[in-house]
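Ready for some practice with charged pairs and nonpolar cores? Grab a pencil, look over what is shown below, and try each exercise before you read its solution.

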Amino acid sequence: MSMTQELLKARTSLENNLRELLGVPVFLIEMDAFALPCGCGGVTINTRGLQLDDLEVFEEHILKYLTDTATSLDIEPSFLFARLIPGTAEIASINARVLCNSCYMDFGRGSGKQPRPDIYIMRFDRRK
Amino acid sequence: MKLYVPHIGHFEGLEELLAGSDNIYAVYMAGSPEYVGTGRTNLSTPKLDEIAQQTEYAHSKGVKMEIVLNSSCMGGQHLTPEGYRAIDWYFDKLNSIGIDSITVADPYLVEMLAKDYDMDVVVSVLSFVDTPQKAEFYEQLGATTIVVDPAVNRHFDKLEAIKDTVSCKLKLLVNEACLYQCPFRYAHFNFFSHANGPGPKPNVLDDYYYYKCLSLRIKDPQQIIKSPWIRPEDLKEYKHITDTFKIGGRTHFVNWILNNVEAYANERYDGNLMDLLDSIKDLKDTFYIPNRELDGAIEQWKKCDKVCHKCGYCKRLAEKVIHTYSGSGEDIRKIPLGSIGDRI
Ligand SMILES: [Zn+2]
Ligand SMILES: [Zn+2]
């Protein structure tokens with residue numbers, strides 16, 4: 001399968017899973033693969049209709065779906081997070097990212113689920 | 001019928017638009033944000049020579065040109081001597097280009113335009129004229145036309161009272177699709193006005209109001225039905241108020257705009273209502289609302305007193321007609337709203 005086909009398939013199945021879970025037509029408006037100059041890479045999935053309390057209540061399930069999605073795209077599922085609109089319950093995107101060393105240090109230094117007001121960490125595997 | 005149609009702002013877009021339909025009475029577009037911005041996002045910021053070229057072209061096709069300068073907040077800059085001089089200079093240039101009408105939201109600009117220039121003065125929806133009293137004030141300030149706040153598009157008593165009160169022209173915006181009684185309206189347009197105005201421009205990460213607006217509809221899709229758009233089929237119900245209708249959507253592609261022009265000109269649309277609605281285009285691929293199944297709903301809206309928790313009509317209608325798309329590409333299916341979800 002080409003990368004675009006894999007992304008298309010992953011978007012649809014993640015969207016279906018979230019809808020089943022939450023009982024509303026949560027919408028994954030766009031799924032992008034990205035590569036940053038620093039060396040980080042991964043996927044970002046822009047969401048509409050997903051909110052922080054959904055994430056808090058169903059975190060275990062959402063984390064599993066996102067982990068499966070990352071794995072299906074050959075992305076190491078070691079750093080998964082949501083980006084929020086600061087000060088609100090609105091989730092702008094969910095992300096699976098393979099961190100470069102320098103970004104790993106930035107996130108590794110912080111603690112807790114929300115190192116910044118706009119980031120909610122679902123999974124951050126510390127390196128040995 | 002006079003249709004005012006959005007124009008995305010460059011010459012190629014205008015050629016394509018005017019080649020695509022004979023049903024366009026006037027086009028409107030933003031001007032340069034250096035002087036007065038607009039209360040909405042724009043795709044272009046045409047300079048005066050471009051406005052002149054496009055106006056000449058529109059006129060050669062028998063189509064009128066309207067410039068929209070409907071910033072809802074200029075942070076007081078228009079009231080400073082420098083601000084006044086810059087705006088006065090800009091209005092003067094637009095006037096000599098031969099612009100037919102200018103749409104503004106600030107009462108000060110309504111009066112300024114009415115006093116010194118030949119262009120028709122149009123009061124924007126962002127002036128929120130929803131009562132005969134407000135309409136009267138704007139008429140006294142010099143308004144030639146008032147675009148009535150779509151919040152009252154389904155309050156025929158108010159529309160009729162406004163019509164009876166003023167002798168200036170009225171225009172109705174048919175497809176804006178903001179939430180009915182939207183709590184974000186003022187804040188959102190003020191935000192846009194700063195983001196699209198003379199500056200300093202805020203460096204904004206995300207448009208909170210837009211996210212919130214979409215979330216509310218996704219969680220509660222009856223909000224899409226309640227929002228006060230006017231279906232093409234229902235224009236006839238408004239003909240005793242006005243014959244002038246405005247289509248919103250200056251950030252869409254020309255074929256989207258033309259699809260709307262044909263639907264409203266023919267007073268009929270057989271597709272998904274979502275195709276016609278501006279401002280919630282992110283949800284176009286989420287919901288399917290067969291437009292013709294809304295035939296007759298206007299009869300309820302005409303007599304409805306808008307106490308939704310007692311009435312429940314829009315909720316029942318939403319449950320009946322709205323479908324959501326599931327899957328993607330070739331595998332896309334329409335499923336009834338109620339069939340989604342299985343709370344664990
Ligand atoms: Zn990095
Ligand atoms: Zn302001």
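A salt bridge here is a side-chain nitrogen of Lys or Arg within 4 Å of a carboxyl oxygen of Asp or Glu. This is a predicted model, so local features need pLDDT of at least 70 and side-chain atom pairs count only at pLDDT 80 or more, while totals for chains, interfaces and linings use all residues. Residues are numbered from 1 along each chain as its sequence is written, chains are lettered from A and ligands numbered from 1 in the order in which they are written, and side-chain values use heavy atoms, leaving out hydrogens and water.

**Exercise 1.** Find how many salt bridges the whole structure has over all chains.

*Solution.* Searching the whole structure turns up 30 salt bridges over all chains. Some join up: Arg231(B), Glu233(B), Asp234(B), Arg268(B), Asp270(B), Arg292(B) and Asp295(B) are linked in a network.

**Exercise 2.** Work out where Lys64(A) and Asp68(A) lie, and describe how they pair.

*Solution.* Step one: both residues sit in helix 3 (residues 59-72) of chain A, four residues apart, about one turn of the helix. Helices are DSSP runs of H or I, at least four residues, numbered from the N terminus. Step three: check accessibility, where buried means under 20% relative accessible area, exposed over 50%, and partly exposed in between (1.4 Å probe, protein chains only). Lys64(A) is partly exposed at 48%, and Asp68(A) is partly exposed at 38%.

**Exercise 3.** Name the residues that touch the most other members of the largest nonpolar core.

*Solution.* First, the term: a nonpolar core is a set of buried Ala, Val, Leu, Ile, Met, Phe, Trp, Tyr and Cys residues joined through side-chain atoms within 4.5 Å. This core has 65 residues, and Ile67(B), Leu69(B), Leu94(B), Ile102(B) and Ile146(B) touch the most other members. Helix 10 (residues 254-266) of chain B gives the most to this core, with seven residues. A second, separate core has 31 residues, including Ala10(A) and Phe58(A).

Methods. Helices (H or I, at least four residues) and strands (E, at least two) are DSSP runs, numbered from the N terminus.
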